[in-house]
Amino acid sequence: MLTKIYKRDGRTQDFHESKITDAIFKCLKATGEPDRQLAMELTLSVIKKIKQEFPGEDEKVTVEDVQDIVEAVLIENGHAKVAKSYILYRDDRSRLREARSELMEAVCTILKENNRENANVGNSPSAKVLQISEIASKNYYLKRMLTEAEAEAHLEGDIYIHDLSWYSKTMTCLQIPLTRLLSEGFNNGHGYIRPPKSIKTAGALAAIILQSNQNDMHGGQSFGYFDRDMAPYVRLERERQDRIIRQNLEELGLPIDEEKLKGLINRRTYEETYQAMEGFIYNLNTMHSRAGAQVPFSSINFGTDTTPEGRMVTECFLLAYEKGLGKGETPIFPNVCFKIKEDVSFEPGDPNYDLFQLSMKVACKRLFPSFSFQDSSFNKPFAEEEVGYMGCRTRVIANCNGEAKTDSRGNLSFTTLNLPRLGIKAEKDLSTFWKSLDDILEFCVQQLLARYNVQKKLRVRDFPFLMGQKLYMDSENLGPNDPVEQAIKHGTLSIGFIGLAECLVALTGKHHGESSEAQALGISIVSHMRRRCDEATQKHGLNFTLLATPAEQLSGKFTKIDTELFGVIPGVTDKEWYTNSHHVPVEYHINALDKIALEGPYHKYCNAGHISYVELPSAPEGNLEAFETLIRAMADADMGYASVNFPVDICVDCGLNGVIDSNICPKCRGTNISRVRRITGYLSTLDRFNDTKLAEVQNRQIHQKFN
């Protein structure tokens, strides 16, 4: 008599006839025959057949064996429809088991060690729960929501659907309208917060706003005009100090010297503004979002407000950022972007030229600010609005559905295509490559449309802060139960790309740093992708844009799959990562100015976001003139957003900053060394980098020579 049955993983469990009866009865019900007695009779036939096929007492009978016999019995007894229903039931059970098995394996991996796919997610219990929930969500979307073609393309490495675990629940990022929130007040779920009356309170609320909205979105949060938006509260602070000091002098019966009083008010206002900026920086590096899993992924843009109050905000922030955290550590957040604009900050005599000089001085020590060039050929048309960048590089400005603006808009989702694979499969045949590129671009457009059609049906109530506080453009008149389509149609849907360099090697034998012909082809490829995005915008009435993908977790995923498929191809799959977007490979020896000149032409095509870097061996604090040469070269190359990289090592014990070559601090002999590096546009410590990005960092070549 059969008492045990073997499961697929080799384990045994007790055999129960009732499970067969239950399965057959479900299938009978599904075909309109809810007959329990018939299910029991068919079960007896199944048991009889099992005994015939497995007569020995010690024979191993598996779950698969029993299911095969159930199918056969149903067909033999004239129940073909029921058999078909059972086959479908069996397939569903198999997929459920497979998904559960994959999920359990993923959970085990997360519980053993930090996932490190996102360098801003820590290793806390909350971070583990977040990662587990993301794995479960991703598994669900792959199995239940994506089409088979979409899931297959993602899993096999033709494309990569970013933030798949958040597929149907939210959007990526937002340039937050800080002016309105501070002037009108807001509610983050626990009561109304009235408008601030001092700069310190305004700074604290600005951090809370970033944190609150981070909980509603999976990407970054940014202020596009931090100096302009905070300036009114410097004015209020000045008025407050005037009242306080006058009142104190009157109470003491002291005469008021208006000239001295003015100086004292300005000094006190400056001190309060500096402390507000210092507190803002401290908050963004200590306050957590997403149930404590990470600090807010925050960015700020400033540099063009020429009012005394706006200038004070910029200056105080830069000085506070230069000072660092409690022991002099480099702040990881916010991402800091200094806007460079002609007649405002770029030349001697401009009203904010001194702030540009200060921004470079700070960047020479702290890696930030990065620099955005408002007069580039593609940013200048929006001169009145000004272009803000956020996160790793995201840019949102043009709008086919309304006003072209930065505030109150963001990216909805983005999907990256695997350029090196297209190059490999083309086998140096350019006609094949162009056809494949068009096919995958159209596939990405359709996939982004499918995701948008899910996102647009979400309700205002699904976003307590983002939509509840009317942060998104055209959300002002939406009620709690209204769908969000009216608002998010102003966002962007982006197609990203990775590995242009490796694609060019596959097609021509050389990348764009090695060959002018490869550079010409590279520009043709990227400009072609941009045209296809523009065409999709015209066709579908949505903002399709091209993104120079910030490849963090993706940097090694495509490469690993392609190496397994195509083997090791020199210059293509012979390292652990594909090169970030349109960049010249990090391991290639090239001087800084040549690298800038080569990468600059790509920025204008990547209207969803772009960034370029050069690598220096150490902080150039003693050579501000050379640093400025690089920034001006970036402007001349028509770049939109750029940075300069160098190692920032910090002894956590004594606060020593610099390049610390060994694991022992030369000052205090401590071993608690933190190593800050730029990962894809934001800062993190090396211990949070995934293995692929660590390998890439270790292979970065210094672009030390300028000629």
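How many bridges join strand β18 to strand β20, and do they run parallel or antiparallel? The first legend answers this; all views show a predicted model.

**View 1. Strands β18 and β20 in an open sheet of 4 strands.** Strand β18, residues 648-651, is joined to strand β20, residues 673-678, by 4 bridges, and the two run antiparallel. In general, strands of a sheet pair through backbone hydrogen bonds, either parallel or antiparallel.

**View 2. The rings of F317 and Y321 in helix α11.** A search of the whole structure gives 18 aromatic pairs. In the pair formed by F317 and Y321, the ring centres lie 5.9 Å apart and the planes meet at 20°, so the pair is stacked. Planes under 30 degrees apart count as stacked. Both residues belong to helix α11, which covers residues 308-323, and because they are 4 residues apart there, about one helical turn separates them. F317 and Y321 are both buried.

**View 3. A cluster of linked aromatic rings.** Ring pairs connect F223, F226, F280, F302, F317, Y321, F338, F346, Y353, F356, F371 and F627 into a cluster. One of these residues, F346, also has a charge over its ring: the charged end of R632 sits there, 4.2 Å from the ring centre.

**View 4. The loop between α12 and β10, around L367, F368 and P369.** L367 lies in this loop, and its phi is near 75°, a positive value in a residue other than glycine. With a relative accessibility of 1%, L367 counts as buried, because buried means under 20% relative accessible area. F368 and P369 are joined by a cis peptide bond with omega about 5°. P369 is in the loop that runs between α12 (353-366) and β10 (370-373). R678 lies over the face of F368, at 5.2 Å from the ring centre.

**View 5. The cis peptide bond between F333 and P334.** Omega of this bond is about 0°. P334 is placed in the loop between α11 and β9 (335-340).

**View 6. S581 in the loop between α18 and α19.** S581 has a positive phi of about 45° although it is not a glycine. The relative accessible area of S581 is 0%, so S581 is buried.

**View 7. The largest cavity and its lining.** The structure holds 1 cavity of 30 Å³ or more. The volume of the largest cavity is about 190 Å³. Its lining consists of 20 residues, and those nearest the centre are H583, V586, Y613, E696 and R700. By class, the lining divides into 6 nonpolar, 8 polar and 6 charged residues. Which elements each supply at least two residues of the lining? They are α19 (592-603), β16 (612-615) and α21 (691-698).

Definitions and conventions. Residues are numbered from 1 along each chain as its sequence is written. This is a predicted model: local features need pLDDT of at least 70, side-chain atom pairs count only at pLDDT 80 or more; totals for chains, interfaces and linings use all residues. Side-chain values use heavy atoms; hydrogens and water are left out. On a 1 Å grid over the protein atoms alone, a cavity is a set of points where a 1.4 Å probe fits but cannot get out, and a pocket is an open set with protein on both sides within 12 Å along at least five of seven lines; lining residues have an atom within 4 Å of a point. Grid points are joined across faces, edges and corners, and a volume is the space filled by probe spheres set on the points. Ala, Val, Leu, Ile, Met, Phe, Trp, Tyr, Cys and Pro count as nonpolar, Asp, Glu, Lys and Arg as charged, and the others, Gly among them, as polar. Rings of Phe, Tyr and Trp (its six-membered ring) pair if their centres lie within 6.5 Å; planes under 30 degrees apart count as stacked, over 60 as edge-to-face and the rest as tilted. Buried means under 20% relative accessible area, exposed over 50%, partly exposed in between (1.4 Å probe, protein chains only). A charge sits over a ring if NZ of Lys or CZ of Arg is within 6 Å of the ring centre and within 35 degrees of the ring normal. Two strands pair if DSSP finds at least two bridges between them.
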